[in-house]
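Here's a quick briefing to read alongside the model. Have the sequence and the 3D view open before you start.

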Amino acid sequence: MRNTDIDVDVAIIGAGTAGLSALKEIKRAGKTYVLIDHGPLGTSCARVGCMPSKAVLHAGGLWQGQAFIGGGVRQMLDVTGPDDLWRAARSTRDALASGAATRTVAAAGERLLMGQARFIAPDAVTVGGRTVRAKAFVIATGSTPIVPAFLRDIQARILTTDSLFELETLPRAVGILGVGAIGLEIGLALSRLGVRIVAGDLKSMPAGITDPEIGARAVQHFKHAKGLTMWLGQPINVTRTAVGIGISNGVATEQVDWILAALGRKPALDSLHLEAAGVALDEHGQPQIDPATLRAGQSALYFAGDVTADRPLQHEAADGGMIAGFNAARHGAAIRFQRRVSLSIVFSDPDIAFVGTPFDQLDPEDIIIGSASGQSNGRSRVMGTEDNLVRIYADRINGNLLGASIFAVHGEHIAHLLAWAMQRNETAESLLEMPFYHPTIEEMVQSALSDIVAQQGVRRAEPLGVRHLDREDLNSSTKNFDHNIWNQHPNRYAS
């Protein structure tokens, strides 16, 4: 773009997943726009988030499994050690980030403006000495890692997910502060590549688990993970030592090369100067955002993606971008949207997943919990994954599915099935009408649903899970079936 001031209908600040999703809606509405980003281009998911961690998890799984196939993975992948797989994972990251950046440039064209945006008025920002005026703004600036002040003394040995994947070779030992979803995924991935991991958290359950039975099953399972030490439910101290960095839980101390701060992320808002935009901020410096419109108060600003600190996941950022973009393009006539059923998956193998309303937000008096364990599931026993556990929460009165917590190999697939069912307002009884193949992990869903129905204690006159057809329907169904067969196979009934 030429070095002149710019006037548009909508200015999008942030070219990540949410910003690009908003851009599609603004284009669809036929509005003029500018897309602003300080760089580097390429979504957070592709550069430092979901995709790099999955690439390293895949690499770790390959290396961990090589012992069972006689080193065949080395020959197949032409690798001699974990560092080769680490480099392959980083190359995958680079390719994904480069592809995302290329698509961003293609989508915005001359309307892409690189630089740091800063509000100077409710309808204007400056970017590299230029002024951009807009009727509405989409704020999709993402988030930044939280690094506590007590780590400043060892700042040179601190990693975050924004810097971890810049290491060219694997470290020998890493201490992880925070065993949430990111901390657990990265810890498992690195440990499977031979890195010694010591991970600690004040919380007693990892990965954001709130269901105590799922938590106990996960802790018990990962306690035996090779190369991974977890200290949960206790304060963790970090100090500089003569030989490196010491990480301690007050009883034991381990020496590590690096500390990975995995204590969460905060919205990247500081550089925007939102006060100049007339946006009221709370005591934490955050705007109050309507979750249904994504508008901040009565301003012309709509927030989407990780910058909202609500549901910080890629698919949620895409949805938020659509809502913010739709409403920004129609500023003054915002539409309230209902978000999709919440779905969160930790790719920890066994996966940890949460669907719908979390366990700790449900009243135990109002729900029935259906459980299914891998010990009673044929496919789990065949695979040696008896630790699998599925817990489904249903309304005590009508059986509506409200939420679920999952700890299971291939649990990502069960989570999707249950999210779709909850989105469709299924009950335990109605979902049992669906087919379940044997032997599959999905049969755990069938068992948990049957547990819910049994606890409801309702007497039924006909079998559960199959539909009753009256005589007329049955005859009609049979006639239609025969007619279809006759059309497809005219000689089948020839005399």
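Let's start with helix α7, residues 181–192: at 1.5 Å a residue its 12 residues should span 16 Å, and the end C-alpha atoms sit 17 Å apart, which agrees. The expected span here is 1.5 Å times one less than the number of residues. Helices (H or I, at least four residues) and strands (E, at least two) are DSSP runs, numbered from the N terminus. Keep in mind that this is a predicted model, where local features need pLDDT of at least 70 and side-chain atom pairs count only at pLDDT 80 or more, while totals for chains, interfaces and linings use all residues. Residues are numbered from 1 along each chain as its sequence is written, and side-chain values use heavy atoms, with hydrogens and water left out.

**Helices**
- α7 is largely enclosed by the rest of the structure, because 10 of its 12 residues are buried; buried means under 20% relative accessible area, exposed over 50%, and partly exposed in between (1.4 Å probe, protein chains only).
- Among the buried residues of α7 are Glu185 and Arg192, along with Leu184, Ile186 and Leu188.
- Glycine 194 follows α7 and has a positive phi, near 95 degrees.
- For helix α5 (residues 82–108), 27 residues at 1.5 Å each should span 39 Å, and the end C-alpha atoms are 39 Å apart, which agrees.
- The buried residues of α5 include Asp84, Trp86, Arg90, Arg93, Ala97 and Ala101.
- An α-helix has 3.6 residues a turn, so residues three or four places apart point the same way.
- Just after α5 comes glycine 109, with a positive phi of about 60 degrees.

**Strands**
- Strand β20 (residues 367–373) has 5 of its 7 residues buried, so β20 is largely enclosed by the rest of the structure.
- β20 pairs with strand β21 (residues 389–395) in the antiparallel sense over 7 bridges; two strands pair if DSSP finds at least two bridges between them.
- Isoleucine 367 has aspartate 395 of β21 as its bridge partner.

**A buried loop residue**
- Leucine 269 lies in the loop between β16 (265–267) and β17 (301–303), and is buried with a relative accessible area of 5%.
- Beyond its neighbours within four places in sequence, leucine 269 is in contact (heavy atoms within 4.5 Å) with residues including Ile139, Thr141, Pro287 and Phe303.

**Confidence**
- The chain averages a pLDDT (the predictor's confidence in each residue, from 0 to 100) of 88, and 88% of the residues score at least 70.
- pLDDT stays under 50 over residues 67–76 and also over residues 477–495.
- Where pLDDT is low, the predicted coordinates should not be read in detail.
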